[in-house]
Amino acid sequence: MFLSTIRIIKFSLQDISRNVWLTIATITILVLALLSVNTLVTVEVLSRHAIDAVKEKVDISLYLKADASDEQVASLKTQISQMAKVKQVLYTSKADALRYFREKNKDNPEVLTALRELGRNPLSPSLIITPNNVEEAPQLINEIKQIKSEVIESRDFADNALILEKINDITKKISEVGLIIISIFIFTSMLVAYNSIKVAIYTHRREIEIMRLVGASNNFIYLPFVLSAIIYAFLGVLIIIILFYPFLGILQPYLEVFFMDYNINIIEYFVNNFWLIFGLQFVAVSLISILSSWLAIRRYAKV
Amino acid sequence: MFVYSPLFWYNRNKLIFMIKLVNVSKSYLRGVKILRDINLYIEAGEFVSLVGQSGSGKTSLVKILIGEERVDDGRVIIGDWDITKISRREVPYLRRQIGVIFQDFKLLPQKTLWENVAFALEVCGQPPSKIEKIVSSVMRLVGLEDKKDRYPHEVSGGEQQRTAIARSLVHQPKILLADEPTGNLDSINANEIIDLLVRINKFGTTVILVTHNREIVNHLKKRVIAIEKGSVVSDREKSKYSL
């Protein structure tokens, strides 16, 4: 058993070394396929982050009259908090609103000058309502519209949900296109792996014929090619790991600028999910290659 | 020390038919019958020449005996093994019982003669120590000990065929099938190969020689089975080529 395993490995390595260009071509195609898969994983991660960020921003602001008493505000806050679709209600006083406004516009001297010239706090106190579920935001807005209270000055129902829907829509389209691209690459990879094994079988046809004649077991004839397929998969995944991390390193600073305030670290994501992402890719590529070699062997080696 | 000798098997089984074909028929695509109702009984240790013109069905018969082709009708029994419906998994075990040599030798050009013979044992999982003993023994038997490190292109056709014979003997087969083994050889080399086959037969191995070389068959004076258009047309003891 041990001897046979060693000899299977030997024959497999012989197969790879005797067909260097074929090996390079096969691995290149596998690397391209994996590159597309990993690019789509990156896009998926980024869009998920973007959606989460927008989800956090989906809230409903209820502006209150400046002269509303604490009791009136507390009563309204309790009433809204008790609604089933509400996660939390935060009260922002006039002074807090001014402080947040100044903080937000600290780099905008014109706005701050205008505020100073006004000579008073023009902002209203407000209740910031966060829904339990973003999908339920439209219904919650309807319910809030029904509330009749004298202290409500205006209701800001800027539709963040609409933005979310658009992002969801774009992500869905990217996923669909990605799926088509991945399918094309998987199909191409299968064809290339199938063809490579076919050529390898052709190169070894005399050995295979003699092996069959002298009574080598079918597994002994079949397994070196399967092992070659697994080695192709391993090398493909290894190369994509070596190529992809520097690429992520280049991408990361741009992402930090683009997703400012959202703390996105794509490298960390790929490091934390290393085995899931690349392990899964190795298993998938190995299975595709094994299936291709099995088909090629059945067709051409008559094992 | 390993000494090539399948006699033990011969003695144990000499009373039964070594190869038995009962009403065997085989056709290929478009219903062309290549073998028709073949009945053959070859005893253990026999030397049989199978003669016939090209396309008569000789090679198909060889393919059936080594499990490469299946029969459409009839039964094929080797020893006490009915191989009529042999499974793919069992074929390698059958081929370790039957040595085969061909007209084109089927040697690997990038391996030495020794490595070519050893290859047959390597791929069947034999340990190096056993390979060393067996290969030495069969190389001695075919008289190629001193040329074992040469490559096929460095030796004559007769020596290449002797290497192929050595390789076919490494599993101590009970049967040796020789499909036109002298087809690519001059008469001197051809006679040497036939002499070697006769010697192997004397060890007790059943030898089936497929040929259309009249001189060789006449010289052997052994059993001759003639096939024509897929049917056995004559089967005579110590006969001559008579198609």
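In which loop is A:Ala84 found? In this predicted model, A:Ala84 sits in the loop of chain A that lies between helix H3 (70-81) and strand E2 (86-92). A:Ala84 counts as exposed because it has 9 C-beta neighbours inside 10 Å, and the cut-off for exposed is 12 or fewer. Between A:Ala84 and A:Leu140, the C-alpha to C-alpha distance is 9.0 Å. In sequence, A:Ala84 and A:Leu140 are 56 residues apart.

Confidence was examined for chain A. The average pLDDT of chain A is 82. A score of at least 70 is reached by 95% of its residues. Strand E4 (residues 152-156) of chain A has the lowest confidence in the chain, with a mean of 74. Helix H10 (residues 266-272) of chain A has the highest, at 90.

Chain B has 243 residues, and 44% of them count as buried. Its secondary structure comprises eight helices and 10 strands. Among contacts in chain B with a separation of 6 or more, 71% join residues 24 or more positions apart.

Six strands of chain B form an open sheet. Their order is E6-E7-E8-E3-E9-E10, and the pairing is mixed. Strand E6 (98-102) and strand E10 (231-236) of chain B are the edge strands, each pairing on one side only. On average, neighbouring strands of this sheet are turned by 15 degrees against each other, direction ignored. Within the sheet order, E8 and E3 of chain B stand side by side. Strand E3 (residues 47-51) and strand E8 (residues 206-211) of chain B pair in the parallel sense, over five bridges. B:Val51 has B:Thr211 in E8(B) as its bridge partner.

Helices pack on this sheet. Helix H6 (residues 157-169) of chain B touches E6 and strand E7 (175-179) of chain B. The direction of helix H6 of chain B makes about 165 degrees with that of E6(B). Helix H7 (residues 187-202) of chain B lies across E3, E7 and E8 of chain B. Relative to E8(B), helix H7 of chain B runs at about 155 degrees.

The two chains also meet. Contacts link 18 residues of chain B with 15 residues of chain A. On the chain B side, helix H3 (91-95) and helix H4 (113-122) of chain B are the elements that give two or more residues. By class, the side of chain B that touches chain A has nine nonpolar, seven charged and two polar residues.

Notes:
Residues numbered from 1 in each chain as written. Chains lettered and ligands numbered in written order. Predicted model: local features only at pLDDT ≥ 70, side-chain atom pairs only at ≥ 80, totals over all residues. Contact = placed C-beta atoms within 7 Å. Helix = DSSP H or I, 4+ residues; strand = E, 2+ residues; numbered from the N terminus. Nonpolar A, V, L, I, M, F, W, Y, C, P; charged D, E, K, R; others polar. Pairing = 2+ DSSP bridges. Axes fitted to C-alpha atoms, helices over the stretch in contact; angles between N-to-C directions. Buried ≥ 20, exposed ≤ 12 C-beta atoms within 10 Å, placed from the backbone. pLDDT = per-residue confidence, 0-100.
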